[in-house]
Amino acid sequence: MALVNRRGREEARFDRLKLVTVSDLAEHAKATYFYLALEGAPNLGNVFFSLNLEPHAFGAFPVARSGKVNEVIVAEINLRDLVEIADVFAEKNVLLYVVDPKGTVIVHPDISEVLKQTNIFSAAF
């Protein structure tokens, strides 16, 4: 989790697995999730897969002081728990899936639907 300034640069970051140094601080200035949060809209970025093939996404949340957003909290979110919940529903013959705002499947009990970036608005879904 990181506190990102208005220019898109991390000012501080917390990582539960390693010590973070100044050289570890990242830039988010080119990321859509960052600019949406600067405009006041909490949101989730595109899904990507970690080295162990778990679905992750960056969440961005505006930090407002005196009504103005000058900073954003950015966190890498592991979507694995949502996948496990979808699996439990699938065992009961209930299909649970999660899509991003564009209709792309980001959580599905059949991982191939996520890997194919299936879109629910397409005729094939």
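The structure is a predicted model, in which local features need pLDDT of at least 70 and side-chain atom pairs count only at pLDDT 80 or more, while totals for chains, interfaces and linings use all residues. Residues are numbered from 1 along each chain as its sequence is written, and side-chain values use heavy atoms, with hydrogens and water left out.

The chain contains three helices and eight strands, these being DSSP runs numbered from the N terminus (helices: H or I, at least four residues; strands: E, at least two). Along the sequence, these elements follow the order β-β-α-β-β-β-β-α-β-β-α. The C-alpha atoms fill a box of roughly 45 × 30 × 20 Å along the principal axes.

Of the 125 residues, 32% are buried, where buried denotes under 20% relative accessible area, exposed over 50%, and partly exposed in between (1.4 Å probe, protein chains only). Among contacts (heavy atoms within 4.5 Å) between residues at least 6 apart in sequence, 28% join residues at least 24 apart.

Most residues other than glycine have a negative phi. Ser66 counts as exposed, at 84% relative accessibility. Asn93 likewise has a positive phi, near 60 degrees, and is placed in the loop between α2 (80–91) and β7 (98–99). Asn93 is exposed, with a relative accessible area of 74%.
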